Amino acid sequence: MVLVSAVRDYVNRMLQDISGMKVLILDSQTVSIVSVVYSQSELLQKEVFLVELIDSISKSKESMSHLKAVYFLRPTSENIQHMRRQLSNPRFGEYHLFFSNMLKDTQIHLLADSDEQEVVQQLQEFYADFIAVDPYHFTLNMPSNHHYMLPAVVDPSSLQHFCDRAVDGIGALFLALKRRPIIRYSRTSDIAKRIAQETAKLMYQQESGLFDFRRMEMSPLLLIVDRRDDPVTPLLNQWTYQAMVHELIGIQDNKVDLRSISNLPKDQQEVVLSSEQDAFFQANMYENFGDIGMNIKRMVDDFQQVAKSNQNIQTIEDMAKFVDNYPEYRKMHGNVSKHVTLVTEMSKIVEERKLMLVSETEQELACNGGQVAAFEAVTNLLNNESISDVDRLRLVMLYALRYEKESPVQLMQLFNKLASRSAKYKPGLVQFLLKQAGVDKRTSDLYGNRDLLNIARNMARGLKGVENVYTQHQPLLFQTMESITKGRLRDVDYPCVGNHFQQGRPQEVVVFIVGGTTYEESRFVALQNASNSGIRFILGGSAVLNSKRFLKDLEEAQRIARTSSSVV
């Protein structure tokens, strides 16, 4: 429960010592930070009767001196300006200011100068500058996530802004955990190296006093890697519950927007999927799609016995009907009806887009050799009228990543076929992906066909047989965690920053993926942590990706790269 607990603790400390009616004022980032760990009803219990955004509260003039204002903001120059204006003309009886990261001395002086009426009761730094989506998974929700793909010369100030936000988030995370790590990074990535060096500078030079925690026997490890080392994982369809919801519908700050589905009751149009607040989700978030249906059916069957109903429930549609017919069931298990809705919707999408067919080929491309069969399978799917444009694009990308060196001629044939079949196909997007994340750019042995140990491991997996053809893929992160657990993470691939070296095996590891994480990876982290290997892993990144977001970032980076090259 480590990350969620850390942020909840901070929110508790902000609210519990201030008695009376309160208004909580957040910014566009801290609203996500708070909402994933604290529900509306919990805020009410702490006497928070109003939650407002700082820019909208700036526009209001109405006096509310009976309320105490609790501000929780990122320490940005815009927020400091908002605060100065609000303090010069105070509307609330008391002001309690909390910032999610380190304030500069100049910012503190500016706020003190603005507080002429002495309404500020306290000013504190609470290091919750990251969004704790799950106990071992955090994100920074960076809107301009595509910057990691661009060379530094294209837009130096935006890239600096991107790196600063990553360093702020990582710094706050380690302050919340009260640790100072040894830092390593992916050798082939300029941006991973830059973030690693700037993080080291923050922790060991600029704020070394703040990070000087009691020495542990073994320093934790911070490993900064680049999404482009494993571009396959965010391109794949997913078949475990949490990852699949994000891939097919989309999860934002643990909420799922279902407004596009017709005839849903109002309370179901946005649902919360949180392992902290939903026991069924916690028990099933990493389960296969087939098992989820059975587990929901078991819950519905239990209720049927209580309701003395003897309807015969066999399919997902039967379940959806049953839940509609029993409003009291919905009340008692608002929980279950939302899962029935999600599973029903995902089943429709799987059927419409023929995803079982598509996914089987994707998994073959990701996991098994055999270029001739792969070319034939992808060609057949490109010719299949039922396959959507985006699925065609992803299949060609997966083929290209795997066989760019082995079969350039066939690759050109697939490019041409894709361009002729898919109206939306953006010329050059697959080539741009190869330029970004092709074999020459990657640090690691993504397909396990360069290193003898990996070749042997893949053969062993092939012999054991695969329990489920749709979930046989293992992200590169799985191998990285295995290497760390066995003390085999190579210095030449993942050098240390500065003269701080890892002695022995760390007990705590934070892997930060520049460019974003996936729920498939966070599932492997949770399973690894449950295996009691003696090491606790935490995963974080600049965004939480699904294939849609990964492709959007790729298109945006390609657009900017083109514009900048035509200007030069």
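**Entry on cavities.** Before anything else I wrote down the rule: on a 1 Å grid over the protein atoms alone, a cavity is a set of points where a 1.4 Å probe fits but cannot get out, and lining residues have an atom within 4 Å of a point. Rolling a probe the size of a water molecule over the atoms shows where empty space is left.

Notes on the source: this is a predicted model, where local features need pLDDT of at least 70, side-chain atom pairs count only at pLDDT 80 or more, and totals for chains, interfaces and linings use all residues. Residues are numbered from 1 along each chain as its sequence is written, and side-chain values use heavy atoms, with hydrogens and water left out.

How many cavities of 30 Å³ or more are there? I got three. A volume here is the space filled by probe spheres set on the points, which are joined across faces, edges and corners.

**Second largest cavity.** I put its volume at about 70 Å³. Its lining includes Thr-233, Pro-234, His-246, Tyr-519 and Asn-546. Helix 9 (241-248) and helix 22 (519-530) are the elements that each give two or more residues to this lining. I took helices (H or I, at least four residues) and strands (E, at least two) as DSSP runs, numbered from the N terminus. Helix 9 has the largest share, with three residues. I sorted the lining by class into five nonpolar, five polar and two charged residues. For that, Ala, Val, Leu, Ile, Met, Phe, Trp, Tyr, Cys and Pro count as nonpolar, Asp, Glu, Lys and Arg as charged, and the others, Gly among them, as polar.

**Largest cavity.** About 120 Å³ of space lies in this one. Among the residues lining the largest cavity I found Asp-226, Arg-227, Asp-229, Asp-230 and Glu-521. Strand 9 (221-226), helix 21 (476-485) and strand 12 (508-514) each give two or more residues to its lining. Helix 21 supplies the largest share, three residues. By class I noted six nonpolar, one polar and five charged residues in the lining of the largest cavity.

**Two single residues.** Is Gln-107 buried or exposed? Gln-107 sits in helix 6 (residues 105-114), and I call it buried because its relative accessible area is 7%. Buried means under 20%, exposed over 50%, partly exposed in between (1.4 Å probe, protein chains only). I also checked Gln-81, 26 residues from Gln-107 along the chain: their C-alpha atoms are separated by 9.5 Å.

Met-21 is in the loop between helix 1 (2-16) and strand 1 (22-26). Met-21 has 39% relative accessibility, so I wrote it down as partly exposed.

Terms used
On a 1 Å grid over the protein atoms alone, a cavity is a set of points where a 1.4 Å probe fits but cannot get out, and a pocket is an open set with protein on both sides within 12 Å along at least five of seven lines; lining residues have an atom within 4 Å of a point.
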